[in-house]
Amino acid sequence: MKLRSLLFVPGDRPDRFAKAAASGADAIIIDLEDSVGLDRKIVAREAAAEYLSGDRPVPVFVRVNPQDSHLTHDDLASVLPYMPDGIVLPKAEGARSINWLRAEAAAVADSQDGEAPPILPIATETPGAVFDLGTLREVAVYLAGVSWGAEDLPASVGAVTAREVDGSYTAPFEMVRSLTLFAAHAAGVAAIDTVFPNISDPASLAAYVGRAARDGFTGMLAIHPSQVATINAGFTPSSAQLAYAQSIVDAFAANPGAGVLQLDGKMIDAPHLKAALSILARV
């Protein structure tokens, strides 16, 4: 499943589902959590279930409510019979949260003949979760990717903000972003960067996406359809990148058994080949 862009849409706004699916996003996330008030949870579940029961032009994930909300079981009971393409788990705390969600899904499946779809944890929204990131490799087979959050975590530690004036992250949260990146790659799954909240600043969004792709993220969460094209472009290798990656692969293919080669005046070795194969695989 290609996951360059995953667009959130409030679960209690079914009038927006089709627009989100037509935005060009690789997947949409119907949200049953933060964007839906407590008195609208049932409405959102019903709308999500109805949409999932029909044709899906793109993969559809559902963000359920977190474990401590005591709402997750009912969320799963509503949507699992229609088998969403993935479940987004907020406030996840490493492998134990993934195993807990799978147990909840199993309990629902006993009565509704369902099974657990791949899980995308939002893996850094509590202080304790930061220390559990490394355990996600233990449950990698159940994951669609790993993402992080830059809103709940600052609030939980009393930070005034997670961002500098230019939109970059302050040191504590840049560290968390990096740890998420490494946790995703350690698990061998998609590394999904968090949302860019300023929907009225496309230039800064493009710069943010460029940094994320440079650093090794493979996709990003979006909160508005206007962000999708920029995100997709940023996580799609350019023709120049593809050509150079192919030249590395070709060089090693022409020299089987070589450990180090020279290409365009530069030395290349196994890590360069691995990176080139990764770029080509994204196409």
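The following exercises concern the packing and surface of a predicted model.

**Exercise 1. Nonpolar cores**

Identify the residues with the most contacts inside the largest nonpolar core, then list the contacts of Leu 143 beyond its neighbours within four places in sequence.

Solution. 
- Step 1: The largest nonpolar core comprises 64 residues. Those with the most contacts inside it are Ile 30, Leu 89, Leu 136, Leu 143 and Met 220.
- Step 2: With neighbours within four places in sequence set aside, Leu 143 is in contact with Ile 98, Pro 118, Ile 119, Pro 121, Leu 136 and Val 189.
- Step 3: A second, separate core has 13 residues, including Leu 3, Phe 8, Leu 120 and Ala 144.

**Exercise 2. Asn 232**

Decide whether Asn 232 counts as buried or exposed, and find the side chain with which its own side chain makes a polar contact.

Solution. 
- Step 1: Helix H9 spans residues 228–234 and contains Asn 232.
- Step 2: The relative accessibility of Asn 232 is 10%. Buried means under 20%, so Asn 232 counts as buried.
- Step 3: The side chains of Asn 232 and Ser 5 make a polar contact at 2.6 Å.
- Step 4: Leaving aside neighbours within four places in sequence, Asn 232 is in contact with Arg 4, Ser 5, Gly 24 and Asp 26.

**Exercise 3. A surface patch**

Name the residues that make the nonpolar surface patch of about 300 Å², and classify Met 175 by its relative accessibility.

Solution. 
- Step 1: Met 175, Leu 179 and Phe 182 make the patch.
- Step 2: Met 175 lies in helix H7, residues 171–187.

Methods: Residues numbered from 1 in each chain as written. Predicted model: local features only at pLDDT ≥ 70, side-chain atom pairs only at ≥ 80, totals over all residues. Heavy atoms only, no water. Core = buried A, V, L, I, M, F, W, Y, C linked by side-chain atoms within 4.5 Å. Buried < 20%, exposed > 50% of the residue type's maximum accessible area, 1.4 Å probe, protein only. Contact = heavy atoms within 4.5 Å. Helix = DSSP H or I, 4+ residues; strand = E, 2+ residues; numbered from the N terminus. Polar contact = N/O pair within 3.5 Å; in protein donor to acceptor, adjacent residues only side chain to side chain. Patch = residues over 30% accessible without salt bridge, like charges linked within 9 Å, V, L, I, M, F, W, Y side chains within 5 Å. Areas by Shrake-Rupley, 256 points an atom, 1.4 Å probe, with all protein chains shown as cover. Salt bridge = Lys/Arg side-chain N within 4 Å of Asp/Glu carboxyl O.
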